[in-house]
Amino acid sequence: MTLTQLRYLVAIADAGFNITQAAERVHASQPGLSKQLKQLEDELGFQIFRRRGRSLEGVSPAGARVIESARRILAEVANIRSFAANERGEQRGRLLLATTHTQARYVLPPAIAGLTRQYPQVSVDLFAAGDAEVLARLDEADFGLLSTAGPPPATQGVAVPLYRWRRVLLVPKAHPLAQRTTPPSLAELAMYPLISYESSTHPESSLQRAFAAAGVSPKIAMTARDANLIKAYVRTGLGVGLLAEMAVSGREDADLQVVPAPLELPECITWAVVPRDRVLREYALALLHALAPQIDRRDLRRVLEGSQPPDWPEPPRWQVR
């Protein structure tokens with residue numbers, strides 16, 4: 001049994017049993033991956049995956065336990081390597097960050113630019129997706145970034161609060177809301193079609209809960225993950241854009257009017273979620289600190305190591321930050 005075989009095994013499970021996709025993930029050939037899987041199953045004496053012809057269609061009960069153990073082993077191996085690299089003072093490596101599109105486009109560029117100036121031999125891989133996909137990638141990412149309007153994200157990782165922000169409305173200059181200097185109520189906003197993030201349609205979303213509490217229903221004309229797409233369709237007159245305040249730029253969006261969102265919509269917090277018991281490289285810790293300078297770097301390290309309970313300071317407002 002080898003670490004390579006365990007890595008291939010986890011890749012197959014994470015690729016939904018698709019051998020071709022698994023091989024691409026680990027930069028291996030499909031025949032080579034299949035050969036390593038067969039050798040591992042021969043050694044164990046049972047099949048890890050259920051098969052239909054040549055295709056894999058699921059995991060056997062015994063295979064599920066093997067995959068679970070393989071994940072723990074690979075995580076500990078990665079921790080040992082990170083710890084050793086930190087002890088050597090090694091300043092090269094790869095940082096994988098899972099994040100939402102808004103954070104990737106409007107928050108991370110200056111922070112990552114500063115990181116690469118400090119650590120020029122570090123490469124950064126960004127995986128931009130929805131909140132659920134961000135959490136799903138934490139088994140391989142150094143940490144993830146996502147936002148909630150309420151309690152921390154439901155995860156087994158360590159959630160670090162970075163900053164608070166509010167939503168804003170974006171409309172064409174000729175729109176009836178464009179002349180407002182005060183936020184409309186949710187009842188007033190319900191009169192117009194909305195263009196917002198894809199999570200807005202989820203019954204448990206803060207937007208849906210706020211409208212329900214006000215006794216009205218939003219008219220969701222369109223949703224998108226990318227704030228730039230929301231803006232593009234606002235310009236067509238399809239509806240009122242509802243998006244994060246950091247996604248609006250006075251220079252880029254000068255043709256549109258920013259209007260305060262209804263006060264009933266709760267404030268949001270952007271969190272960094274670090275897999276529990278993960279040993280972060282120094283450059284990953286440096287990026288975290290750049291995103292949350294209000295947190296003492298030594299406290300951050302102790303909490304992530306499990307030697308200190310989290311007692312985070314109040315995250316600052318985005319505009320203040």
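**Entry 1: two loop residues**

I started with histidine 27, which lies in the loop between helix 2 and helix 3 (30-44). This is a predicted model, so I read every value here as computed. The phi angle of histidine 27 is near 55 degrees, a positive value in a residue other than glycine. Is histidine 27 buried or exposed? Histidine 27 is exposed, because its relative accessible area is 74% and the cut-off for exposed is over 50%.

Next I looked up phenylalanine 17, in the loop between helix 1 and helix 2 (19-25). Here too phi is positive in a residue other than glycine, with a value near 70 degrees. Phenylalanine 17 counts as partly exposed, at 24% relative accessibility.

**Entry 2: the largest pocket**

I then turned to empty space. Rolling a probe the size of a water molecule over the atoms shows where such space is left. The largest pocket holds about 1600 Å³. Its lining has 39 residues, and Leu74, Ala78, Asp139, Glu140 and Arg278 are the closest to the centre. Helix 1 (3-14), helix 4 (61-88) and strand 3 (92-99) are the elements that give two or more residues to this lining. Which element gives the most to the lining of the largest pocket? I found that helix 4 does, with 11 residues. By class, I noted 17 charged, 14 nonpolar and eight polar residues in the lining of the largest pocket.

**Entry 3: the second largest pocket**

The second largest pocket has a volume of about 1000 Å³. Several elements supply at least two lining residues each, among them helix 5 (101-106), strand 5 (143-148) and helix 9 (206-213). Helix 7 gives the most to the lining of the second largest pocket, with four residues. I wrote down the classes of this lining as well: 17 nonpolar, 13 polar and seven charged.

**Entry 4: salt bridges**

Side chains of opposite charge can pair when their charged atoms come close. How many salt bridges does a search of the whole structure find? The search finds 24.

I picked out a few. Aspartate 14 and arginine 71 meet through their side chains in a salt bridge, at 2.6 Å from N to O. Aspartate 14 is in helix 1 and arginine 71 in helix 4, so this pair ties together parts that are 57 residues apart in sequence. Both count as partly exposed, aspartate 14 at 27% relative accessibility and arginine 71 at 31%.

Arginine 281 and glutamate 90 also form a salt bridge, at 3.9 Å from N to O. Arginine 281 sits in the loop between strand 12 (268-274) and helix 11 (282-291), and glutamate 90 in the loop between helix 4 and strand 3, so the pair ties together parts that are 191 residues apart in sequence. Arginine 281 is buried, with a relative accessible area of 9%, whereas glutamate 90 is partly exposed at 29%.

In the salt bridge of aspartate 296 with arginine 298, the closest N and O atoms are 3.1 Å apart. I also noted a network of salt bridges that links Arg164, Glu245, Glu267, Glu314 and Arg317.

**Entry 5: a surface patch**

Last, I looked up a nonpolar patch on the surface, formed by Leu229, Tyr233 and Leu238 with about 240 Å² of accessible area together. Tyrosine 233 has its place in helix 10 (residues 227-235), and counts as partly exposed at 34% relative accessibility.

Key. Residues numbered from 1 in each chain as written. Predicted model: local features only at pLDDT ≥ 70, side-chain atom pairs only at ≥ 80, totals over all residues. Heavy atoms only, no water. 1 Å grid on protein atoms, 1.4 Å probe; cavity = no way out; pocket = protein on both sides within 12 Å on 5 of 7 lines; lining within 4 Å. Points joined across faces, edges and corners; volume = space filled by probe spheres on them. Nonpolar A, V, L, I, M, F, W, Y, C, P; charged D, E, K, R; others polar. Patch = residues over 30% accessible without salt bridge, like charges linked within 9 Å, V, L, I, M, F, W, Y side chains within 5 Å. Areas by Shrake-Rupley, 256 points an atom, 1.4 Å probe, with all protein chains shown as cover. Salt bridge = Lys/Arg side-chain N within 4 Å of Asp/Glu carboxyl O. Buried < 20%, exposed > 50% of the residue type's maximum accessible area, 1.4 Å probe, protein only.
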